[in-house]
Amino acid sequence: MTTAGQVIRCKAAVAWESGKPLIIEDVEVAPPKIHEVRIKIIATGVCHTDNEYLFETGKGMKFRPFPLVLGHEAAGIVESVGPEVTNFSPGDKVIPLFLPQCQDCERCHNPETNHCRRNWANTQAGVLADGTSRISCKGQQVYQFLGISSFSQYTVVPDTSLAKIRSDAPLDKVFLLGCGVSTGYGAAVKTGKVKKGSSCAVFGLGAVGLAAVMGCQIAGATTIIGVDVNPEKFEKAVFFGATECVNPKDHTKPIQEVLVEKTDGGVDYALECVGDPAVMSAALESTTDGWGICVIAGWTETEVMQVEVEKILMGRTLMGTYFGGWKSVQDIPTLVDNYMDGKLKLDEFITDHLPLDQINKAFETLKSGTSIRTKISLWQEEA
Ligand SMILES: NC(=O)c1ccc[n+]([C@@H]2O[C@H](COP(=O)([O-])OP(=O)(O)OC[C@H]3O[C@@H](n4cnc5c(N)ncnc54)[C@H](O)[C@@H]3O)[C@@H](O)[C@H]2O)c1
Ligand SMILES: [Zn+2]
Ligand SMILES: [Zn+2]
């Protein structure tokens with residue numbers, strides 16, 4: 001029996017208010033409207049950004065409206081398409097995207113940027129193009145985080161915020177390309193353009209940082225220093241390519257001084273994957289004068305980082321990366337191919353596996369640092 005055109009009743013983890021655990025609810029997911037696609041989510045990760053929005057909204061993060069269904073790192077299958085959708089059909093395997101690529105606007109035509117602004121203000125505010133969400137619970141509209149909401153068995157996204165991927169891709173692995181791994185890998189190879197033979201320092205060894213380490217290794221860097229205050233991350237970092245790891249807590253000197261001494265003047269590339277303004281400054285200061293490049297991948301929306309002007313005057317470059325610099329619709333299928341060809345590792349990022357009704361545990365282990373990524377299965381048969 002087809003569900004196309006009908007409201008689907010399914011399970012979702014709803015954030016009713018900031019700072020409180022998620023609650024599993026029955027929600028209604030409306031059919032897709034014009035240029036929208038309804039997808040059955042198969043697997044989703046819990047990213048640091050989900051945690052920030054739930055627990056830090058109004059602090060390091062701008063205020064987001066509640067109730068909200070979080071989740072933005074996922075993979076699924078097209079259930080039905082709305083009017084005017086030409087690129088997708090029911091049954092297609094897809095990765096929803098928090099950064100669109102409309103292939104139509106000035107930004108999409110510009111090879112220098114991936115910052116498409118299609119539906120931007122709306123998706124940031126948790127609604128789709130017509131100003132409303134497709135998810136409701138107990139008669140109330142539930143906002144869609146970044147226009148996605150993958151902590152729901154079904155969701156609706158704009159057709160410009162969706163990548164179609166090959167039919168043999170395992171959704172329970174490639175969901176990682178919806179955010180963390182693509183961001184960290186791209187921070188190194190796409191935004192920073194790490195060169196062969198260079199020296200790199202990666203600050204923060206969560207999924208984003210480990211993917212940055214992997215990117216530095218694939219780019220041919222010869223020195224890759226992993227930096228984290230949690231030494232339990234070091235073994236994985238070495239697996240992904242770190243040549244050594246440093247815990248700032250083991251040193252009395254600031255970490256940037258330790259790194260400058262260790263590398264005889266500073267690293268060629270520093271990648272910040274923590275989201276802390278003090279660590280961002282330390283990352284910049286750990287690069288060499290003349291040509292050092294610091295890429296910020298860590299996320300904060302309201303805080304300010306300090307930059308000593310002299311550091312920039314002496315030839316360093318400070319850059320930021322959003323979704324690793326990838327043009328989302330076009331590049332994510334290529335990253336899926338890279339995984340299928342054995343060039344990119346994904347399986348090793350997944351340290352835990354839980355069903356949707358235990359999703360709050362994934363937030364706890366992300367915070368405590370005992371997990372890298374927990375795979376959340378949305379359906380019993382996949383759990
Ligand atoms: N730019 C983007 O498009 C984008 C996309 C996804 C995530 N992010 C951001 O990237 C950051 C990392 O995300 P994640 O999911 O890997 O997070 P995570 O929580 O899994 O990892 C963060 C790591 O940083 C370490 N850390 C904390 N304080 C530190 C310090 N002072 N020095 C060194 N290491 C420290 C932690 O121990 C942890 O291992 C977050 O800020 C997230 O919001 C950005
Ligand atoms: Zn994320
Ligand atoms: Zn565009």
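Helices (H or I, at least four residues) and strands (E, at least two) are DSSP runs, numbered from the N terminus. With that in hand, one strand to find is β17, residues 350-355, which holds D352. What you're looking at is a predicted model, where local features need pLDDT of at least 70, side-chain atom pairs count only at pLDDT 80 or more, and totals for chains, interfaces and linings use all residues. Residues are numbered from 1 along each chain as its sequence is written, while chains are lettered from A and ligands numbered from 1 in the order in which they are written.

**The whole chain**

- The protein chain has 12 helices and 18 strands.
- Its C-alpha trace spans about 65 × 40 × 35 Å along the principal axes.
- Buried residues make up 52% of the 383. Here, buried is 20 or more other C-beta atoms within 10 Å of a residue's own, exposed is 12 or fewer, and partly exposed is in between, with C-beta atoms placed from the backbone.
- Of the contacts with a separation of 6 or more, 70% join residues 24 or more positions apart. Two residues are in contact if their C-beta atoms, placed from the backbone, lie within 7 Å.

**Two domains**

- The domain assignment gives domain 1 (8-178 + 345-382) and domain 2 (183-322); such bounds come from an automatic or database domain assignment.
- Taken over C-alpha atoms, the centres of domain 1 and domain 2 are 28 Å apart.
- Where they touch, domain 1 puts in 15 residues and domain 2 puts in 16 residues.
- On the domain 1 side, helix α1 (residues 48-55) gives the largest share, three residues.
- That side of domain 1 has four nonpolar, six polar and five charged residues. Ala, Val, Leu, Ile, Met, Phe, Trp, Tyr, Cys and Pro count as nonpolar, Asp, Glu, Lys and Arg as charged, and the others, Gly among them, as polar.

**Around ligand 1**

- Ligand 1 lies between the domains, because domain 1 and domain 2 both give residues to its shell.
- There are 33 residues around ligand 1, and H48, G204, G206, G275 and W299 come nearest; a residue is near a molecule or strand if its C-beta atom, placed from the backbone, lies within 6 Å of it.
- Helices α1, α5 (180-191) and α6 (207-218) each give two or more residues to this shell.
- By class, the shell has 17 nonpolar, 12 polar and four charged residues.

- H48, T49, D50, Y53 and L54 are buried in α1.
- The cover over these buried residues includes α12 (359-368).

- D352 counts as partly exposed because it has 17 C-beta neighbours inside 10 Å.
- Beyond its neighbours within four places in sequence, D352 is in contact with A362, T365, S371 and T374.

**What UniProt says**

- An unreviewed UniProt entry places "domain: Alcohol dehydrogenase-like N-terminal" at residues 35-165. Over residues 35-165, the chain is 13% helix and 32% strand.
- UniProt also lists "domain: Alcohol dehydrogenase-like C-terminal" (unreviewed entry) at residues 207-336. Over residues 207-336, the chain is 38% helix and 15% strand.
- UniProt positions are given in the numbering used here, feature names are shortened, and annotations may be inferred rather than shown by experiment.
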